[in-house]
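Please read each point slowly and find each part on screen before going on to the next.

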Amino acid sequence: MKTQEIYNKAWFSLGFSKELKKGKLLQKILLETPIVLWRDEKGKAHAFLDRCPHRHMPLSTGRVKKGSLRCRYHGWAFNNTGSLIEVPGLEKGKGPSCTLKKFEIFEKEQFLWVYGDPSEKPPYGPPNLLPKNKMFRLNTKYNFEGGLFDVLENFLDPTHTHFVHKTLLRLSKTRKRISTKILHHEDGVQAVYFDEGEEANIFAKTFGKKIDKTSGRFRSPNIVVLDYLEGEKLKARIILHFTPKTSEKVEMGGSLLVKGHKFLFFPIMPFLKLMLKKLLKEDRLIIQEKYSHEKLFPTKDIYKSTEADLLGPTIKKWLLKGPRPTIKEKQREIWL
Ligand code: FES
Ligand SMILES: [Fe+2]
């Protein structure tokens, strides 16, 4: 399976549902392809290739009127199935038969999802990512300069935190030997970390008194889910959707979910938001620097990975070759 095929068979988040207002057009780029999003009179979302068949004007600069999408240049109008319904200057029904390329779109868990291949009916819908219990939710959006792999690995790699986020994530100067477990799933791979230690992660400590288990899961090809648990109880979850706009630009839509009533979080909200902003900025800068430096080298040498790079090598294989075998892996110990 090639990377393009893998992307064709995946659902990508194109932002939050509330970004798409009725009567407005929204342009999103997915894998170098501009897509126009809009809602019809009933509020149902639609996604088409953002190119007018007449003279290739971006349809996203046009307007929505009476449930149809009208191009800004010569006014061709399309209905919600993408069929051309009017050519101004020609009698009704005299226009050529033409239909816009339509992407399957699905609204779920506050996100707009689009299926990678517009010519295929998706055999399954987007995954369920929200926990069963109601949790307080904070959404955010962020842009990264780098490849999809660079961003995915970064958010699932705890070893960089000592260097890149040392003031926020790692209080202790000494490392601790902890055990980890790698679980291979049908749709990706997961690392579980046990007993990182009392003060290892200040961020996690805001979610519960004794977070003793954390987990980072990659769901191919574009989702990261980070869980913070007290025993078996889920205290917080971070869901990150990564959408490759181009080979070097990735948009992230993220949700932080924390157990507890929203009133509990009001006092710490400014702190939480500030912390998230700082963390994301630190990641953005390091990814950008790594990526732009890598471009200076014409040969693409293979990365030198070690046991401590828990998920990176497997993620790379998922992105290059598709599904991996579900194998059992024994426990590993690392210094974290
Ligand atoms: S380019 Fe769209 S109507 Fe002419
Ligand atoms: Fe980071």
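1. Leu148, Phe149, Leu152 and Glu153 in α2 meet Gly312, Ile315, Lys316 and Leu319 in α7, where two residues are in contact if their C-beta atoms, placed from the backbone, lie within 7 Å. Helices here are DSSP runs of H or I with at least four residues, strands are runs of E with at least two, and both are numbered from the N terminus. By class, this contact of α2 with α7 has five nonpolar, one polar and two charged residues; Ala, Val, Leu, Ile, Met, Phe, Trp, Tyr, Cys and Pro count as nonpolar, Asp, Glu, Lys and Arg as charged, and the others, Gly among them, as polar.

2. This is a predicted model, in which local features need pLDDT of at least 70 and side-chain atom pairs count only at pLDDT 80 or more, while totals for chains, interfaces and linings use all residues. Residues are numbered from 1 along each chain as its sequence is written, and chains are lettered from A and ligands numbered from 1 in the order in which they are written.

3. The axes of α2 and helix α7 (residues 312-321) come within 10 Å and cross at roughly 145°, the axes being lines fitted to C-alpha atoms, for helices over the stretch in contact, with angles that run from 0 to 180 degrees between N-to-C directions. The crossing of α2 and α7 is right-handed, a term for a near helix turned clockwise from the far one by less than a right angle, with left-handed used if the turn is anticlockwise.

4. Helix α2 (residues 148-155) also meets helix α6 (residues 269-294), and their axes come within 11 Å and cross at roughly 140°. That makes α2 oblique to α6, since angles under 35 degrees count as roughly parallel, over 145 as roughly antiparallel, 65 to 115 as roughly perpendicular and the rest as oblique. On the α2 side the contact is made by Asp150, Val151 and Asn154, and on the α6 side by Asp283, Ile287, Lys290 and Tyr291. These residues divide into three nonpolar, one polar and three charged.

5. Turning to the strands, β15 (residues 213-219) and β16 (residues 223-230) pair in the antiparallel sense over seven bridges, and two strands pair if DSSP finds at least two bridges between them. A hairpin of three residues joins β15 to β16, and arginine 219 has isoleucine 223 of β16 as its bridge partner. Strand β16 is then joined by eight bridges to β17 (residues 233-246), again in an antiparallel run. What phi does glycine 231 take in the hairpin of β16 and β17? Glycine 231 takes a positive phi near 60°, in a hairpin with two residues between the strands.

6. Four strands form an open sheet in the order β5-β6-β7-β8, with antiparallel pairing. At its edges stand β5 (63-65) and β8 (84-86), each with a single partner strand, so one side of each is left without a neighbour in the sheet. Three bridges pair β5 with β6 (residues 68-70), and the bridge partner of arginine 63 is arginine 70 in β6.

7. As for domains, the assignment, which is automatic or from a database, gives domain 1 (20-115) and domain 2 (136-296 + 305-335). Their centres, taken over C-alpha atoms, are separated by 36 Å, and the contact takes five residues from domain 1 and six residues from domain 2.
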